[in-house]
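Me: Hey, can you walk me through the aromatic rings in this one? I'm new to it.
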Amino acid sequence: MGSGFFISPDGYLVTNNHVVEGARQVTVHMDGGRELPGAVVGTDPRTDLALVKVELAKGEIVHHVALGDSDAARVGDWVVAIGAPFGLDHTVTAGIISAKSRVIGAGPYDDFLQTDASINPGNSGGPLFNLEGEVVGVNTAINPRGQGIGFSVPSNVVKSVVNVLK
């Protein structure tokens, strides 16, 4: 269980690899209680990213968000994290970008945005927005020994990985 967000009107959704890893089927829970079946298009365990495609009715589109330029994000910029921490859907927390290019020893990829916006289990795969409404990161990890120490894969990495996975 985790979070995710649509990046196109035809139903492509970004989340973390660890959210869908080993899944035989994926169900996307939408606002209002609707559930959509999905399929994992591809995963990149190195960056902990995954691309899912949901099944939509003919002609149906979904609301989606834009991937911003994470290189333009600066330490001190305000951000908003959205997800479902501990299963609490549609939770929004605010904070700042605390650091960039953070190495946390989480695996082969180690170049995270650090934020003090509250991220907890269930936020994984959710978006980290800048105040222009663009996604600048994918919420991925926390430091379990502290509070207010969360990490997101930068959106410019997401753009590259999603293009390959598609």
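Me: How many aromatic pairs does the count come to?
Reply: The count comes to 1 aromatic pair, where rings of Phe, Tyr and Trp (its six-membered ring) pair if their centres lie within 6.5 Å. This is a predicted model, so local features need pLDDT of at least 70 and side-chain atom pairs pLDDT 80 or more, while totals for chains, interfaces and linings use all residues. Residues are numbered from 1 along each chain as its sequence is written, and side-chain values use heavy atoms, with hydrogens and water left out.
Me: Which residues form the pair?
Reply: F112 and F151, edge-to-face, at 6.2 Å centre to centre with 65° between the planes. Planes under 30 degrees apart count as stacked, over 60 as edge-to-face and the rest as tilted.
Me: And where are they in the chain?
Reply: F112 is in strand β8 (residues 112-115) and F151 in strand β11 (residues 150-154), 39 residues apart. Strands here are DSSP runs (E, at least two residues), numbered from the N terminus.
Me: Is F112 buried or exposed?
Reply: F112 is buried, because its relative accessibility is 3%; buried means under 20% relative accessible area, exposed over 50%, partly exposed in between (1.4 Å probe, protein chains only). F151 is buried too, at 5%.
Me: Which strands pair with β11?
Reply: β8 does, antiparallel over 3 bridges, and so does β10 (residues 135-142), antiparallel over 5 bridges. Two strands pair if DSSP finds at least two bridges between them. F151 is the bridge partner of Q114.

How values were computed:
Helices (H or I, at least four residues) and strands (E, at least two) are DSSP runs, numbered from the N terminus.
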